[in-house]
Every structure is written in C-alpha cells, then in structure tokens.
Amino acid sequence: MRRFGAAENPTFELICVYLNSYNILFERFVFSVHPAYRLSKTFFLCRKDRVIFLNAWGEGMERRKVVIIGSGPAAFTAAIYAARANLEPLVFEGFASGPSGGQLMTTTEVENFPGFPDGIMGPVLMEHFRAQALRFSTKILTEDVVSVDFSRHPFLIQGAQTKIEALSCIVATGATAKRLDIDGAKDGEFWQKGVTACAVCDGAAPIFRGRPLYVIGGGDSAIEEAIFLTKYASRVYIVHRRDQLRASKIMGERALKHPKIEVLWNSTIVKITGDQVVQMVEMKNLVTGQVELREAGGVFFAIGHQPNTAFLQGQLQLNEVGYIVVQAGTTHTSKPGVCAAGDVQDPRYRQAITAAGTGCMAALDVEKWLNEAGHE
Ligand SMILES: Cc1cc2nc3c(=O)[nH]c(=O)nc-3n(C[C@H](O)[C@H](O)[C@H](O)COP(=O)(O)OP(=O)(O)OC[C@H]3O[C@@H](n4cnc5c(N)ncnc54)[C@H](O)[C@@H]3O)c2cc1C
C-alpha cells in the first residue's frame, strides 16, 4: 500500500494482486480518509480467490485545532472566541471533576457580573455561557481529561473515554476553595446559606449586613477577607487554630489594629446551626477544650484554594501551590501552544469576570500562535 497526498488530507492507494482459480488479477483501490482521522491499522484477509481488506480506516483519532479543558467562565469564553474565529474548538467540560459551569454552579445570586443590573443566579449565568459557546459550533464532551501529553505535537489529550489530538490547548480547569469538614457547613446544610468561601463575591449580601461574621484562616487572604467584610459586618472574628497568624507582618498588624476585627486564637468552629440561614456557631478553644455558643451571621472559609492541575502531571510550570504559571500579560504557559485561563492560573483575583477576561485572552493567544506556527 502506498500513501500519497497531503499529510492533512491523506489519500491511500491500494494495489491488490491475487489469484483466483484461473487468473492472476490486479486491482487498484484509491480511497481517502476524513482529515480528522488517521489511518492506524489495516488488516488483510487473504483467501484462495480473493483478498478482503478489513478495517481499512482503523481506529481514527480526532484532531482539533483547539481543545479547551474546563467549563467555567474562562473555558466557555475561550470557546466563544475560538469558535467565532473558525477554530472549531472542542471542550472537555468535565464530569466527575464537578458540574459543568464550574464554581458558580454552587452559588445563588451573582451580583457583580456586568450586564445583569438585577443580578443573576450563578447556574443560570453559566447556562447562558454554555449556550453561547454551543451557538457558535463548539463541540462539548461531558468527560474529564485524565492526562495530557504536551511533549509531542499535536498534543495528546486523554479524556475519560475519548482521545483527541490537539494543535493547541487551553487549560481552564479552575480552582476549588478548600473547606473544613464542620458540622453544618456542608452542601445541603448551611453551605451558601451563610457559609461561603468568597467574601468579595458574597459579603455584600443582605444576610451578612450588620451581623457578626467569622473568617476561618490565618494567612494573608483571611486578613484581606476580614478587612473586606468590616464594611458590612457588625464585627468580624478571625478564627485561627494557632496563637500566631501566618499572614505577613504588615497584614497581621492591619488586622490586629482594626477596630472591627478580633482574632479568636487557638480556636475552631465545631458546629454551625441556624434556621433558613446561619444563626449560631459553636466555638471550641483548643487549649482549654471549652465550647462556647456564639451568635453568627455568616462563616467564611479563607484557608486557600486548590488549583485543578493534578491531571497535568508536571507538564507545565506551576507555582509553589500548584497554579499554572503564565507569561506576564498573556495566557501563554511554559509550553508553546498551551495557554491557561481563569482561576487555574490566578491566585489573586479569582472572579468570574477575570476568568472570562483571561478566557478571551487565551483564545486570541492560541489563534495568533496557530497562525505564527503555520497551523492555520
Ligand atoms: C460559592 C462561590 C461563589 C462565588 N461567587 C462569585 C460571584 O458572585 N462573583 C464572581 O465574580 N465570582 C464568584 N465566585 C468565583 C468564581 O466562581 C470563579 O472565579 C470562577 O468560576 C472561575 O472560573 P474558571 O473558569 O476559572 O473555573 P471554574 O469555575 O472553577 O470551573 C472550572 C471547571 O472545570 C472543570 N474541570 C476541572 N478539572 C477538569 C478536568 N480534568 N477535565 C475537564 N474539566 C475539568 C470542572 O468541572 C470545574 O467546574 C464564586 C465562587 C464560589 C466558590
């Protein structure tokens, strides 16, 4: 068998020489394969009077110009931009990794996403993102990416069921806010009914106004969240397991000097109770063992985020806590042709609008990269 034609649009010529009972026969077959597929296997079955070729198309592997991994505001914005640039993106929107739509699927009202003056429910907003990506012919696979191989090109993207070759890739898998296993804080209990992990997102909600609020943590983000909440709370308590803050000296001093902030040292919340929303917390002193019941309007976890980068298995440069490192002012990662967008590369802002903004940047970055690398 001889292969000729352009590599992107393979055509195959098959010359068969065989014997039947009386003659020697020659036959020539020419066939082409859809550009998205590659001929991987050909089997021949020779019989006395004929040749049957089976599975001539083999096991094809789909090849895409852009594969986007994730399903939050970053991924779907990247998909909208890439699709409108005729890059025919394919999105792995995840399955076991979390609901399609990302972190906003776990929240109620989003009041700070521009364009919705009356606010919009998080899941409804994400439904709009997804529908807009589909409108421009994005293909969506509801499965997780379990591994990638960026050491070869085209890159290999291995989903839970599907294997895809990609000329470029956008990683937008987000980050997960760390939560503690406190009685009353779980989904179906008071999570998102007074228990949350984002002061900037939720702090201005009416249920928190004029109420005592508790921030769990002791690092810089906990202090930032506590200071932010002083605008709304009657008083803010930082609940810290140790007798010293982990925060930088300057941030620690700001918290300790703030008239509305008090640090509860050596303490942990063991139970959160309420009716429709949080009303009380049980606070345990870890030195004395004493448990005290305190009034509470809300509990904010500020113990860090876990970027969803485990599946990358070290193939991109990450920072010390696992965020993808991008070149300043761009979304380019340490691997040419691979961009990152949203919370997975953003330890600082972590907002829906910034995730969407970097999703747009990533689509424009890969488009330019594909052009410059001659992969139009
Ligand atoms: C409770 C809560 C309330 C919030 N409220 C607001 C708010 O009011 N306003 C605001 O601006 N921001 C808010 N935020 C923050 C905002 O949700 C995030 O900044 C934003 O969602 C980040 O978007 P992203 O696209 O980076 O990723 P994410 O939203 O984190 O989505 C990433 C998705 O990618 C998928 N994924 C992960 N790994 C894989 C994999 N291996 N393969 C395939 N898919 C994968 C997962 O399904 C995940 O859900 C809130 C966050 C939380 C937790």
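**Note on the predicted model: ligand shell, selected elements and backbone exceptions**

1. Around the ligand there are 41 residues, of which Gly72, Gly94, Gly102, Gly174 and Gly342 come nearest. Two or more residues of this shell are given by each of helix H1 (73-84), strand E14 (175-177) and helix H6 (352-372). The coordinates come from a predicted model, and the points below should be read accordingly.

2. The composition of the shell around the ligand is 20 nonpolar, 17 polar and four charged residues. Domain 2 (62-176 + 305-372) and domain 3 (179-301) each supply at least three residues to the shell.

3. H1 is mostly covered, with 11 of its 12 residues buried. The buried residues run through Pro73, Ala74, Ala75, Phe76, Thr77, Ala78, Ala79, Ile80, Tyr81, Ala82 and Ala83. Their cover includes strand E6 (62-69), strand E7 (90-92), helix H2 (122-135), strand E13 (163-171) and H6.

4. What follows H1 in the chain? The helix is followed by Asn86, which has a positive phi near 60°. Asn86 is a residue other than glycine, and its place is in the loop between H1 and E7. Asn86 counts as exposed because 12 other C-beta atoms lie within 10 Å, the cut-off for this class being 12 or fewer.

5. Gln313 lies in the loop between strand E23 (305-307) and strand E24 (338-340). With 12 C-beta neighbours inside 10 Å, Gln313 is likewise exposed. As background to both this point and the next, most residues other than glycine have a negative phi, and most peptide bonds are trans.

6. Strands E11 (residues 145-149) and E12 (residues 155-159) pair in the antiparallel sense over four bridges. Together E11 and E12 form a hairpin with five residues between them. One of the bridges joins Asp149 to Leu156 in E12. Which peptide bond is cis? The bond from His153 to Pro154 is cis, with omega near 0°, and Pro154 is placed in the loop between E11 and E12.

7. Strand E16 (residues 212-216) has four of its five residues buried, and is therefore largely enclosed by the rest of the structure. E16 pairs with E17 in the parallel sense over five bridges. Within this pairing, Ile216 stands opposite Val239 in E17.

8. Leu245 is located in the loop between strand E17 (235-239) and helix H5 (249-257). Leaving aside its neighbours within four places in sequence, Leu245 is in contact with Gly218, His240 and Gly252. The C-alpha atoms of Leu245 and Gly219 are separated by 6.5 Å, although the two residues are 26 residues apart along the chain.

Key:
Residues are numbered from 1 along each chain as its sequence is written. This is a predicted model: local features need pLDDT of at least 70, side-chain atom pairs count only at pLDDT 80 or more; totals for chains, interfaces and linings use all residues. A residue is near a molecule or strand if its C-beta atom, placed from the backbone, lies within 6 Å of it. Ala, Val, Leu, Ile, Met, Phe, Trp, Tyr, Cys and Pro count as nonpolar, Asp, Glu, Lys and Arg as charged, and the others, Gly among them, as polar. Domain bounds come from an automatic or database domain assignment. Two strands pair if DSSP finds at least two bridges between them. Two residues are in contact if their C-beta atoms, placed from the backbone, lie within 7 Å. A residue is buried if 20 or more other C-beta atoms lie within 10 Å of its own, exposed if 12 or fewer, and partly exposed in between; C-beta atoms are placed from the backbone.
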